[in-house]
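Here is a friendly briefing on the structure shown just below. Have a look at it first, and then go through the points by topic.

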Amino acid sequence: MNRADEEYTARVQDLLPRLRRTAYLLCSDWYRADDLVQSTITQLYVKWRRARTADNLDAYVRTMLIRQFLGEQRTGWRSRVSVTDSVPEAPGLIPDVESGLDLRRALEAVPPRQRATLVLRFFCDLSVEQTAEALGCSAGNVKSQTSRGLTALRAIVHARPAREEGI
Amino acid sequence: MGTHDIGSVIDEMGREPMPASMVDVKRALRDGRRIRRTRRLVSAGTVAAAVALAVSGANLLGHRAEPVSVGSAPRSFDPLVRYAGFGWLPAKLSRRTTLTAVDQLTLGAGVADPKRPVADDPELSVRIYPAGRPIPQNLDQGPPWTSASGCPADHRTERAPAVRGRSASWVYSRGVAGSHCRLTVVQLRWQYSPGAWAVIAIGDLSSVTGDRRDLLRRVAQTLRFGVNEPVRMPFQVGYVPQGQHVTGTYGAEEPPDSGRWLATLLLSPRARTWAPDRTANTSQPSVAITLGPTVPGMQSPDLAPDTTVDGHPAYTSTLNHPSGVTTHLLNVYGVQGFEVDIQTSVGATGTPVRILRGLRLLGSDRAAWTTRPLP
């Protein structure tokens with residue numbers, strides 16, 4: 001292994017825990033999350049000569065991860081290779097706002113781009129401008145995606161008492 | 001539920017225990033290296049860094065190349081024909097690489113080193129473009145001058161003495177490794193024929209004794225144009241995915257007695273001729289088939305077999321690109337004494353195996369190789 005490969009391996013090992021968590025919040029599934037990270041770090045190696053000089057490698061790789069995720073959603077790659085026709089409906093889909101587990105399920109129900117926006121804003125603590133850069137869109141678009149994502153989350157969460165009350 | 005609540009719960013989720021990782025960094029290295037090699041073929045202006053060449057300045061300064069008539073350059077290259085070849089080169093650069101494509105011919109010369117892959121970036125490369133083809137702007141952004149961190153990435157172009165009577169320019173950069181941030185010559189560009197350009201790029205030859213510019217000028221002045229030698233490939237392809245054409249070939253070899261070589265055939269759905277209005281004539285190939293001698297521990301030391309194909313040890317992998325394209329990788333060892341590497345981004349998962357089964361290998365004797373690799 002040459003010096004560049006050693007440097008790549010060391011940097012990726014440092015980044016992995018955070019990348020996996022971010023991927024998990026995007027995918028809501030550890031298997032898919034690890035697939036997403038695997039593809040991302042492979043792409044990173046392909047671009048390593050340029051990537052290693054990035055001012056903020058963490059941000060660089062996170063952007064790659066987000067775009068990889070959105071690319072898969074956009075092209076329907078996931079649905080084409082899915083081992084089942086549809087994801088079986090799981091019990092307990094009604095979210096509980098007090099529980100992270102339920103918020104995760106609510107997050108899963110939010111459209112991918114809005115989900116990516118929420119993850120970048122609230123998990124990665126990025127500003128509107130930084131999120132816009134990662135998503136390759138305008139700051140205004142980030143604001144509207146955030147607003148729509150939050151509205152979608154609230155709608156899912158608020159659906160619970162209504163359903164519980166049999167309305 | 002307010003913004004703060006969502007933020008704190010997401011943050012909490014981010015601190016939950018993680019299951020054991022299935023991410024394999026070594027696999028990323030292996031797959032990435034293979035993909036990078038194929039991509040490098042179509043951006044073959046890359047040159048390796050750091051090599052010591054004993055170039056006599058006095059000898060070079062005293063050299064007067066005989067004028068060579070180039071004639072009219074073609075407006076497009078045939079990827080199965082090598083249009084030009086090296087003339088003079090420093091003796092130390094005995095490794096040769098050649099990329100032929102419709103919109104460029106790239107000749108490479110590097111140091112033969114059994115510890116390095118035979119297809120490694122050469123220390124010196126010459127890109128030759130057909131008539132009417134401008135020098136791609138991305139050459140200004142790419143290696144070698146982005147390789148030295150901490151130096152400004154700026155570069156400067158300056159008029160150079162004419163090469164064979166035609167206009168030429170130097171490109172200097174501060175960013176090349178070993179330059180210590182001083183402006184250093186990294187390219188010589190010149191018109192080898194009316195409206196047709198060539199570029200010689202040189203890596204960090206930090207130990208060159210003598211002027212790098214003399215080295216570049218001598219290589220430029222002795223290049224042989226109009227060679228038009230058919231490219232010979234060591235295999236014939238029996239199964240070609242629909243709509244695919246030969247759009248490039250790549251060959252790398254060290255001195256003949258070393259037994260170290262490889263040959264790659266590139267297929268894509270692009271037109272067979274270069275057209276000025278297309279911006280991506282040399283885009284990434286859809287299919288890349290590579291053949292080389294199996295030298296244990298040499299060709300792909302890190303590609304440990306993980307399966308078998310037709311009884312041969314093999315390595316397979318799949319990579320999903322953000323664009324949605326899926327690349328299938330297949331490496332098979334010991335096929336009539338050769339290693340076969342197939343990468344596809346068209347067709348189904350089984351396409352590489354289908355291509356493999358349709359291959360007819362022609363051995364190591366170049367006399368038996370073919371100039372018509374497709375049916």
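Helix α7 of chain A (residues 112–123) has 12 residues and reaches 15 Å from its first C-alpha to its last, close to the 16 Å expected at 1.5 Å a residue, where the expected span is 1.5 Å times one less than the number of residues. This is a predicted model, in which local features need pLDDT of at least 70, side-chain atom pairs count only at pLDDT 80 or more, and totals for chains, interfaces and linings use all residues. Residues are numbered from 1 along each chain as its sequence is written, while chains are lettered from A and ligands numbered from 1 in the order in which they are written.

**More on α7(A)**
- α7(A) is mostly covered, with 10 of its 12 residues buried (20 or more other C-beta atoms within 10 Å of a residue's own, with C-beta atoms placed from the backbone).
- Among the buried residues are Gln114(A), Arg115(A), Leu118(A), Arg121(A) and Phe123(A).
- After α7(A) comes Asp125(A), which has a positive phi, near 60°.

**The two chains**
- Chain A has nine helices and zero strands; helices (H or I, at least four residues) and strands (E, at least two) are DSSP runs, numbered from the N terminus.
- Chain B comes to five helices and 18 strands.
- Of the 167 residues of chain A, 37% are buried; for the 375 residues of chain B, the share is 45%.
- Take contacts (C-beta atoms, placed from the backbone, within 7 Å) between residues at least 6 apart in sequence: in chain A, 61% of them join residues at least 24 apart, and in chain B, 65% do.

**How α1(A) meets α2(A)**
- Helix α1 (residues 3–27) and helix α2 (residues 30–46) of chain A pack at an angle of about 140°, with their axes 8 Å apart.
- By class, the contact of α1(A) with α2(A) has 12 nonpolar, one polar and three charged residues.
- On the α1(A) side, the residues include Tyr8(A), Leu19(A) and Tyr24(A); on the α2(A) side, they include Trp30(A), Leu36(A) and Ile41(A).

- Thr344(B) sits in strand β17 (residues 338–344) of chain B.
- Why does Thr344(B) count as buried? Thr344(B) is buried because 25 other C-beta atoms lie within 10 Å.
- Leaving aside neighbours within four places in sequence, Thr344(B) is in contact with Ser286(B), Val287(B), His328(B), Thr351(B) and Pro352(B).
- The C-alpha atoms of Thr344(B) and Pro241(B) are separated by 9.5 Å, and these residues are 103 residues apart along the chain.

Notes
Contact = placed C-beta atoms within 7 Å. Axes fitted to C-alpha atoms, helices over the stretch in contact; angles between N-to-C directions. Nonpolar A, V, L, I, M, F, W, Y, C, P; charged D, E, K, R; others polar.
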